[in-house]
Amino acid sequence: MKILYLHGYQGSPNWDRIGYLDSFGHEVISPQIDYENEPNFFVDLLNTDFDFIVGNSLGGFVAFYLSIYKGKPSLCMNPPLYMDLKVRMNLPSKYDIKGCNRIHIISGTEDDVVNPFKTFDWLTENKPTANFKLINGMGHRFDLDRFISFTKPIMDNLCLLYTSDAADE
């Protein structure tokens with residue numbers, strides 16, 4: 001399984017998190033993206049081969065839409081889904097927001113960068129098929145232990161799916 005990890009705005013790949021994802025024995029791809037100055041980054045990502053996407057903040061926003069376009073499962077942490085960034089990010093104009101599945105969205109009640117309640121309102125209004133979890137006391141930035149606590153169950157489930165698929169071949 002190939003995992004795509006996307007960092008946030010003006011960020012860089014988080015090597016602790018990438019190391020944790022790598023510990024499952026799968027390939028982790030984590031490009032350094034200049035979201036403001038690389039207008040075709042989304043199209044480049046659409047042409048990238050991966051099976052699961054993990055994104056934080058703006059990377060979570062991108063992961064959400066990659067899930068929709070490619071039909072791949074994702075974990076979107078603190079994504080600013082309520083912000084109208086689709087045109088600015090050069091996203092293709094057609095998508096079926098109700099056609100996504102296996103998208104996990106996690107936001108923290110203490111996020112001082114991305115308003116989790118606006119994200120919840122956006123999800124309620126747009127009704128994508130996504131699992132949303134609001135974590136009390138979590139801010140925009142969080143440590144590796146917290147990352148592991150909500151990533152491990154999803155990864156365990158995906159690993160079972162991919163092991164099962166490989167056995168069926």
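**Notes on the predicted model**

1. The side chain of His7 comes to 3.5 Å from the backbone oxygen of Gly11. This position should be read as part of a predicted model. His7 belongs to the loop that links strand S1 (2-6) with helix H1 (15-22). Is His7 buried or exposed? With a relative accessibility of 2%, His7 counts as buried, because the limit for a buried residue is under 20% relative accessible area. Beyond its neighbours within four places in sequence, His7 is in contact with Ser12, Pro13, Pro31, Gln32, Ile33, Tyr35, Asn56, Leu58 and Gly59.

2. The overall plan may be considered next. The protein contains 5 helices and 6 strands, and along the sequence they follow the pattern β-α-β-α-β-α-β-β-α-β-α. Of its 169 residues, 46% count as buried. Among contacts in the protein with a separation of 6 or more, 70% are between residues 24 or more positions apart. The protein exposes about 8600 Å², and carbon and sulfur atoms supply 48% of this area.

3. In what order do the strands of the open sheet lie? The order of these 6 strands is S2-S1-S3-S4-S5-S6, and their pairing is parallel. Strand S2 (27-29) and strand S6 (130-135) form the edges, since each pairs on one side only. On average, neighbouring strands of this sheet are turned by 15° against each other, direction ignored. S5 and S6 run parallel and are joined by 6 bridges; Ile105 has Phe132 in S6 as its bridge partner.

4. Two helices may be described against this sheet. H1 packs on the sheet and touches S1, S2, S3 and S4; the direction of H1 makes about 165° with that of S1. H3 lies across S1, S3, S4 and S5 and runs at about 150° to S3.

5. Two backbone angles call for comment. Most residues other than glycine have a negative phi. Ser57, however, has a positive phi near 60° and is not a glycine. Ser57 is placed in the loop between strand S3 (52-56) and helix H3 (58-70), and its relative accessible area of 9% makes it buried. Asn78 likewise is not a glycine and has a positive phi of about 50°. The loop that holds Asn78 runs between strand S4 (74-77) and strand S5 (103-108). Asn78 counts as buried because its relative accessibility is 0%.

Terms used: Residues are numbered from 1 along each chain as its sequence is written. This is a predicted model: local features need pLDDT of at least 70, side-chain atom pairs count only at pLDDT 80 or more; totals for chains, interfaces and linings use all residues. Side-chain values use heavy atoms; hydrogens and water are left out. Helices (H or I, at least four residues) and strands (E, at least two) are DSSP runs, numbered from the N terminus. Buried means under 20% relative accessible area, exposed over 50%, partly exposed in between (1.4 Å probe, protein chains only). A polar contact is a pair of N or O atoms within 3.5 Å; within protein, one must be able to donate a hydrogen and the other to accept it, and residues adjacent in sequence count only if both atoms are side-chain atoms. Contact means heavy atoms within 4.5 Å. Accessible areas come from the Shrake-Rupley method with a 1.4 Å probe; for residues, only the protein chains shown count as cover. Two strands pair if DSSP finds at least two bridges between them. Axes are lines fitted to C-alpha atoms, for helices over the stretch in contact, and angles run from 0 to 180 degrees between N-to-C directions.
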